[in-house]
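Biologist: I'd like to learn how to read a structure like this one, feature by feature. Can you walk me through it?

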Amino acid sequence: MLTYDLIVIGFGKAGKTLAGKLASTGKKVALVERSKAMYGGTCINIGCIPTKTLLVAAEKVLSFEEVIATKNTITGRLNGKNYATVAGTGVDIFDAEAHFLSNNVIEIQAGDEKQELTAETIVINTGAVSNVLPIPELTTSKNVFDSTGIQNLDKLPEKLGVLGGGNIGLEFAGLYNKLGSKVTVLDALDTFLPRAEPSIAALAKQYLEEDGIE
């Protein structure tokens, strides 16, 4: 069993910052992350940075393949930089899944290999997952994507239905409309963007419809 002063589960913004900061003061720190694609957390890998990169690239009238490649280049660079920065502070990074055996002991597993780690303090920094609506075959259809999957398509869809008219859904509606898809937004609410000021919501709806989004 390996002993640490601190174990952080999850390579997100808060976890990587805490791990690196304490390691730089001489503490023995371990960071466990199950997906190499998530070094650095949501924002740089599947959140604000890749989505804004896609939007900017689409404005440049690049091909769909070039837009996706631009996004992948930028997120890949930031992902690698985050790993190197944390590793450079002396943090032991484990690419594995973790579960608790007791309050101060976790078991990590990568493939068939298992190992136990212990620390006085263990921080859970695993983030969240998308809420899946109880719609039949929603999770089994090969043509249904969440906000992560829609960023990594191999081919531009001729038609795209966006289920949900919130900020994230409308962002992807605008993106794929610019890229050339015929986009329809479906929302169960009677009010468009109910959390926004009515005048702003009305303008947003007007602009989207003027751009050809149904």
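Modeller: Let's start with burial: buried means under 20% relative accessible area, exposed over 50%, and partly exposed in between, with a 1.4 Å probe and protein chains only. Asn-79 has 12% relative accessibility, so it counts as buried. Keep in mind that this is a predicted model, where local features need pLDDT of at least 70, side-chain atom pairs count only at pLDDT 80 or more, and totals for chains, interfaces and linings use all residues. Residues are numbered from 1 along each chain as its sequence is written, and side-chain values use heavy atoms, with hydrogens and water left out.

Biologist: Where does Asn-79 lie, and which residues does Asn-79 touch?

Modeller: Helices here are DSSP runs of H or I with at least four residues, strands are runs of E with at least two, and both are numbered from the N terminus. Asn-79 belongs to helix α4. Contact means heavy atoms within 4.5 Å. Leaving aside residues up to four places away in sequence, Asn-79 touches Lys-36, Ala-37, Met-38, Tyr-39, Ile-44 and Asn-45.

Biologist: How do I read strand pairing, and which strands does β1 join?

Modeller: Two strands pair if DSSP finds at least two bridges between them. Strand β1 (residues 2-9) runs parallel to β6 (residues 113-124), with seven bridges joining them, and Tyr-4 stands opposite Ala-119 in β6. Four bridges link β1 to β2 (residues 29-33), also in parallel, and there Ile-7 faces Ala-30 across the pair.

Biologist: What unit do β1, α1 and β2 make?

Modeller: A crossover is right-handed if, with the strands pointing away from the viewer, the path from the first strand over the helix to the second runs clockwise. Together, β1, helix α1 (residues 13-24) and β2 make a right-handed β-α-β unit.

Biologist: Now the cores. How many residues has the largest nonpolar core?

Modeller: In soluble globular proteins, nonpolar side chains tend to be buried together. A nonpolar core is a set of buried Ala, Val, Leu, Ile, Met, Phe, Trp, Tyr and Cys residues joined through side-chain atoms within 4.5 Å. The largest has 22 residues, and Leu-175, Tyr-176, Leu-179 and Val-183 have the most contacts inside it. At least two residues of this core come from each of α3 (48-59), α4 (64-87), β7 (159-163), α5 (167-179), β8 (182-186) and α6 (198-210). The largest share, six residues, is supplied by α5.

Biologist: Why does this core lie between domain 1 and domain 2?

Modeller: Domain bounds come from an automatic or database domain assignment. Domain 1 (2-124) and domain 2 (147-211) both give residues to the core, so it lies between them. Leu-175, for instance, touches Leu-54, Leu-55 and Ala-58, not counting residues up to four places away in sequence. Apart from this core lies another, of twelve residues, among them Tyr-4, Ala-96, Leu-117 and Ile-122.

Biologist: What separates the centres of the two domains?

Modeller: Taken over C-alpha atoms, the centres of domain 1 and domain 2 are 30 Å apart. The contact takes 14 residues from domain 1 and 13 residues from domain 2.
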